[in-house]
Amino acid sequence: VTFAIDGQEYRLEPVVEDPQDPQLWFIFKDATSAKETYGAGRFLYADMPKDGEVTLDFNQAYNPPFAFTPYATCPLPHRSNWLRVRVEAGEKTFEGAVH
């Protein structure tokens, strides 16, 4: 999925977890990771494309389960999903986050 922030184009590669209930799942890091947001990255779901378009609502980005407990296992974002831009929307880090 390609999108623009401040006129600069970026790309995120999604995963489809369940073909029976298809949604695009994005696992990403950005320039806020490990500073204002969870260091390992965040998750974001989006609806499948409609007419070739995908709506990314970064306000819905959230911390993965391993941000809350050392006993969870979660995928890390692929290097291609490391954004060099600040995504200031969505869930932030918190005191007590597992690092």
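## Terms and basis of the model

Contact, or touching, means that heavy atoms of two residues lie within 4.5 Å. With this rule, Phe 26 touches Val 1, Leu 12, Glu 13, Pro 14, Arg 42, Phe 43, Leu 44, Ala 46 and Leu 56, not counting residues up to four places away in sequence.

The model is predicted: local features need pLDDT of at least 70, side-chain atom pairs count only at pLDDT 80 or more, and totals for chains, interfaces and linings use all residues. Residues are numbered from 1 along each chain as its sequence is written, and side-chain values use heavy atoms, with hydrogens and water left out.

## Overall form

The protein contains zero helices and four strands (helices are DSSP runs of H or I with at least four residues, strands are runs of E with at least two, and both are numbered from the N terminus). Along the sequence, the pattern reads β-β-β-β.

The radius of gyration, taken over C-alpha atoms, is compared with a globule rule of 2.2 Å times the number of residues to the power 0.38. For 99 residues, a compact globule would have a value near 13 Å, and the 14 Å of the protein agrees with this. Along the principal axes, the C-alpha atoms fill a box of roughly 40 × 35 × 20 Å. Among contacts between residues at least 6 apart in sequence, 53% join residues at least 24 apart.

## Surface and charge

Buried residues make up 32% of the 99 residues; buried means under 20% relative accessible area, exposed means over 50%, and partly exposed lies in between, with a 1.4 Å probe and protein chains only. The protein exposes about 6500 Å², of which carbon and sulfur atoms supply 49%. Accessible areas come from the Shrake-Rupley method with a 1.4 Å probe, and for residues only the protein chains shown count as cover.

There are 9 positive and 15 negative side chains, and the centres of the two sets lie 9 Å apart. Here Lys and Arg count as positive and Asp and Glu as negative, while His and the chain ends are not counted. The place of a charge is taken as NZ of Lys, CZ of Arg, CG of Asp or CD of Glu.

## Nonpolar cores

A nonpolar core is a set of buried Ala, Val, Leu, Ile, Met, Phe, Trp, Tyr and Cys residues joined through side-chain atoms within 4.5 Å. The largest such core has 14 residues, and those with the most contacts inside it are Phe 3, Leu 12, Phe 26, Phe 28, Leu 56, Phe 58 and Leu 83. Strand E3 (24-28) and strand E4 (42-46) each supply at least two residues of this core. The largest share, three residues, comes from E3.

A second, separate core has seven residues, including Ile 27, Phe 66, Ala 67 and Cys 74.

## Residues in the loops

Asp 6 is found in the loop between strand E1 (2-5) and strand E2 (8-11). Asp 6 has a positive phi of about 50° although it is not a glycine, and this residue is exposed, with a relative accessible area of 80%.

Pro 22 lies in the loop between E2 and E3 and is partly exposed at 37% relative accessibility. Pro 22 and Asp 47 are 25 residues apart in sequence, while their C-alpha atoms are 7.8 Å apart in space. Ser 33 is placed in the loop between E3 and E4. Ser 33 is buried, with a relative accessible area of 9%, and touches Tyr 38, Gly 39 and Gly 41, not counting residues up to four places away in sequence.

## The segment after E4

Asp 51 has its place in the segment after E4. Its phi is near 55°, a positive value in a residue other than glycine, and Asp 51 counts as exposed at 82% relative accessibility.

Val 87 also belongs to the segment after E4, and counts as buried at 5% relative accessibility. Not counting residues up to four places away in sequence, Val 87 touches Phe 28, Asp 30, Thr 32, Arg 42 and Phe 58. Ala 89 lies in the segment after E4 and is partly exposed, with a relative accessible area of 23%. With the exclusion of residues up to four places away in sequence, Ala 89 touches Arg 42, Phe 58 and Asn 59.
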